[in-house]
Amino acid sequence: KPECCCLSASTGNMDGEEFTMLDALNKVTACYRHLVIALGSTSDSQNLREELKKTRNKAQELAVANRTKLTALLKDKNISKDDRAEYERLWVLFTSSVELLEVDMKRSLEIGQDFPLKVPTRHLIQTGMTGSTTTVAARAMSVQNMKYEADANIDTVDLKELETEIAQVDQMMEEMEMKVQVAPWAVEAKQEAGAELKSTVSVGNSSVGVISICEEEPKETVEGETGLMKVFAGIIFTGVLLIAGILGYLVVNL
Amino acid sequence: MQDPKTGVKSQTQRLVITTIPHAITGEDIVAWIANRFKIDATEARAMGTMMVAFGYIYPLQDHKRLMLKPDTSLYRFQTPYFWPAQQWPVEDTDYAIYLAKRNIRKKGMLELYEQEQYNNLYKWMNHKWDFIVMQAKEQYRAGKERKKPDRVVFDCQERAYWVVHRPPPGTVSAMDYGHDRMVDPNMEEVKVCIMFTQQCIMRPRVKSSVSIGALVKYTTTYKEHDPFLHACLPSNPWLTDDVTYWTLNMPNVEIPTKMRVERWTFSFGELLMDPRGRADFRLFLKKEFSGENLAFWEACEDLKWGAAETMKEKAQQIYKTFLARGAPRWINIDGKTMDITVKGLAHPHRYVLDAAQTHIYMLMKKVSDLIPQSSRKLKRRRPSLSPIILRQQEEEQKAKLAASGPVDITQLCRFTAPVPHLAVYTGICEAQSTASPGFMTLPNSAACPSPISVAIDSTPASERRFDGNGGPSSSHFPSIAEASVSEEENQPPAPKSRMALSLSRLLRRGCNAPSVFASLSPKCAVASGGGKVQPLGVEPLAQPQPRRIANFFQIKVDIPPECRIYPIDSEDEEDDSPDTARGGVKEIICPWETVTKQEGTG
């Protein structure tokens, strides 16, 4: 259930295309982070490694595409000041995403090395997460279902590739800094504090219920119990009433 | 720990709708640790608490208190991503994203400290804020893709991570000491570092109040001598293209300008540095038969600044001329310094004579207090004096005064005309000015401390002779204010003569306390170049009896032709009483001074 990008509506006048691409990169980065957090835990698996790899590759493609686009835009001398400010803002968005991605890539390398899968006994941390991360990956790749076609030794092979890819990303970031002279601290955010609350009003009730579990565990259980008790008492009471009514009827009629 | 057979017993956490596996109780943890490491329960508990505090295990209930409770409270292992072991830097960006996510979840109802942090981060990470919002939303949505139990676990994990790394207020964080603990102090690099920092601590430092005070004093003293800051006479060559100023200030000009002479009073060093001043000083020393001191000092300077090849010969030459026993120009330095110097001359280098040079310098400095500053000349702004006559007069003065020994007074010549900023110098001047109400003091003197006035103040009252003119000495001090206020104006002669009178009295007073002055002279020297004080120029100064004050000094002023300076005979005026001020004056000064006195007192 991939959600449509409704973000562009909240960000005001924006060049749609760049923003879509950036948005995509942002999404993939967020999903990648989720996947990396699951690494080394009991929800780790071959599939997860493959998901990580695919997500990573997608992210890198998007990053390169974004970079080309934005560099071209920023190098153009004939843009207005407002436009330039806007592109600089996008640039800051872009660089932050790539930084996050790079950090996660490095961390995934370390954890991946610490928790190999092709060993007789896997020592994965029992974190309580047992489900798979397929849906997250699917969201990242913007597909309905993920297909897994990797070999069994993906974990070791992938790590080597990961190292090279990290080096590539590093280099790309350096180049970016050299070529594009944008002062990140000069950018002003368009969103104000608390902006995240606005477009996520449509959160849905189910998630609210779920999350509140985490916050109020003791209370929730107690409340649940008393609720049950109430229902139970109600049922018993109704039952007693019914029985009393029937008995009365019988007494009256007999 | 996780071994299903030998590890900590794993349980299931039951929430309302979901059950989440892999929960462990506190008591099980403690028991397992105690068993595994063969330690007792308290230690096991402490160890467990450390694990919790660092975030390897997090509590499911009461999540803010990171400690291990040995009861049935539940804990869970943290995912490796959130372990502190890898020492990944904890980024504020991540924290901001986490807070934004939490904001979404709690629909804006963050806890107080979280709210504060949020606002702070919004302020200083403002440039990234769009990214943070976007990322938070995306991560939130991605999280919703997972199944409910996993979602719960994920949220709990993240929350636990941030409790460890951004502890709520009032809690103690294990991260405070972090993983970068103390280094081994026995390591070589560390030892060097320790030594360096210890030396840094021991380095003597000057209080900024002191150094700033010195700076202020310097600028006040010199500010009028800087042609860029203050108009210079006759005119600033850079502005008017008239080079008279430079010609008048050539290094070896016949008659030094007034400003130049004023500079000599600032410090002995100034006098020496100015070639003209040094020449005059040399002349004086010759009279005093102590010219070899200056010659030695100059030779040492030559050694210090000279070429390296000739250094050795120069040093030897100097030794032969000045230091050796029976040398032709033997200088008088104390035994210890002589020892050091002679030893050093075995291996001569540039600074081998530094100790001796400093000694001689100090000696000359003291001497400069004694001398009649016949070398001081003031040039009138209106050059109406023939330089030859002036020179003759200078020579005369020098000769006479040299013959009469170190003696006092301040021959003051009053210049008519608007020369408002004639130099007035130092302590004695100030003292004089304190004594004379309405006495003009010039800025220079105002800047100088007044050790003399202090001394005068401290002389026993009995020694002070007042006549009706002055009040108690304390009342003199406010007169400085008046004096400085009135400095720009020309004073009519009459008040000046009165001033002169009281001045003379003051000087006499001063004369009565030679010891005081003696102790003061170094201060004087410090204060302004050997304390050459002449409240110059606008008043005639009564010529007080030259007591045999060793350290009292005087300035000879360049006087207009109508004024002649008479030598002062120290012996004759010892027994003056205050009343005979004028009488005492008679011998000394310029005719016009006498005239004005008569006017004033008449």
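Tutor: A salt bridge is a side-chain nitrogen of Lys or Arg within 4 Å of a carboxyl oxygen of Asp or Glu. Keep in mind that this is a predicted model.

Student: How many salt bridges does the structure hold over all chains?

Tutor: The total over all chains is 34. Take a pair inside one helix to begin with. A:Lys54 bridges to A:Glu50, with 3.2 Å between the closest N and O atoms.

Student: Where do A:Lys54 and A:Glu50 lie?

Tutor: Both belong to helix α3 of chain A, residues 46-75. They are 4 residues apart, which is about one turn of the helix.

Student: Is A:Glu50 buried or exposed?

Tutor: The cut-off for buried is under 20% relative accessible area. A:Glu50 has 5% relative accessibility, so A:Glu50 counts as buried.

Student: Which residue forms a salt bridge with A:Arg67?

Tutor: The partner is A:Glu175, and the closest N and O atoms are 3.6 Å apart. A:Arg67 sits in helix α3 of chain A and A:Glu175 in helix α6 (residues 154-179) of chain A, so this pair ties together parts that are 108 residues apart in sequence. A:Arg67 is partly exposed, at a relative accessible area of 21%. A:Glu175 is also partly exposed, at 31%.

Student: What does the side chain of A:Arg139 meet in a salt bridge?

Tutor: The side chain of B:Glu145, at 3.6 Å from N to O. A:Arg139 lies in helix α5 (residues 134-141) of chain A, and B:Glu145 lies in the loop between α5 and α6 of chain B, so this pair joins two chains. A:Arg139 is buried, with a relative accessible area of 4%, and B:Glu145 counts as buried at 11%.

Student: Which residues are linked with these two in a network of salt bridges?

Tutor: B:Glu138 and B:Arg141 are in the network along with A:Arg139 and B:Glu145.

Student: That leads to the interface. How is its size given?

Tutor: Often as the accessible area lost when the parts come together. Here chain B and chain A bury about 6,500 Å² between them, and carbon and sulfur atoms give 59% of that. B:Tyr81, B:Met134 and B:Glu145 supply 12% of the area that chain B buries against chain A, more than any other three residues.

Student: How many residues from each chain take part in the contact?

Tutor: Chain B puts in 66 residues and chain A 74 residues.

Student: What about polar pairs across the interface?

Tutor: There are 16 residue pairs in polar contact between chain B and chain A, counting pairs with both residues at pLDDT 80 or more. Several elements of chain B supply at least two residues each to the side that touches chain A, among them β1 (11-14), β2 (19-25), β4 (74-77) and α5 (129-144). Of the elements, α5(B) gives the most, with 14 residues. The residues on that side of chain B divide into 29 nonpolar, 16 polar and 21 charged. The salt bridges between chain B and chain A number 5.

Student: Next, the strands. Which way do the side chains of β4(B) point?

Tutor: In a regular strand, side chains alternate between the two faces of the sheet. In β4(B), B:Leu74 and B:Arg76 point one way, while B:Tyr75 and B:Phe77 point the other way. All four are buried.

Student: Which strands are joined to β4(B) by bridges?

Tutor: β2(B) runs antiparallel to β4(B), joined by 2 bridges. Across that pairing, B:Thr25 stands opposite B:Leu74. Strand β3 (residues 57-59) of chain B is also antiparallel to β4(B), with 3 bridges. There, B:Tyr58 has B:Arg76 as its bridge partner.

Student: How is β1(B) joined to β2(B)?

Tutor: By 3 bridges, the strands running antiparallel, and by a hairpin through 4 residues. In this pairing, the bridge partner of B:Gln11 is B:Ala23.

Note on methods
Residues are numbered from 1 along each chain as its sequence is written. Chains are lettered from A and ligands numbered from 1 in the order in which they are written. This is a predicted model: local features need pLDDT of at least 70, side-chain atom pairs count only at pLDDT 80 or more; totals for chains, interfaces and linings use all residues. Side-chain values use heavy atoms; hydrogens and water are left out. Contact means heavy atoms within 4.5 Å. Buried area is the accessible area (1.4 Å probe) that two parts lose on being put together, summed over both. A polar contact is a pair of N or O atoms within 3.5 Å; within protein, one must be able to donate a hydrogen and the other to accept it, and residues adjacent in sequence count only if both atoms are side-chain atoms. Ala, Val, Leu, Ile, Met, Phe, Trp, Tyr, Cys and Pro count as nonpolar, Asp, Glu, Lys and Arg as charged, and the others, Gly among them, as polar. Buried means under 20% relative accessible area, exposed over 50%, partly exposed in between (1.4 Å probe, protein chains only). Two strands pair if DSSP finds at least two bridges between them.
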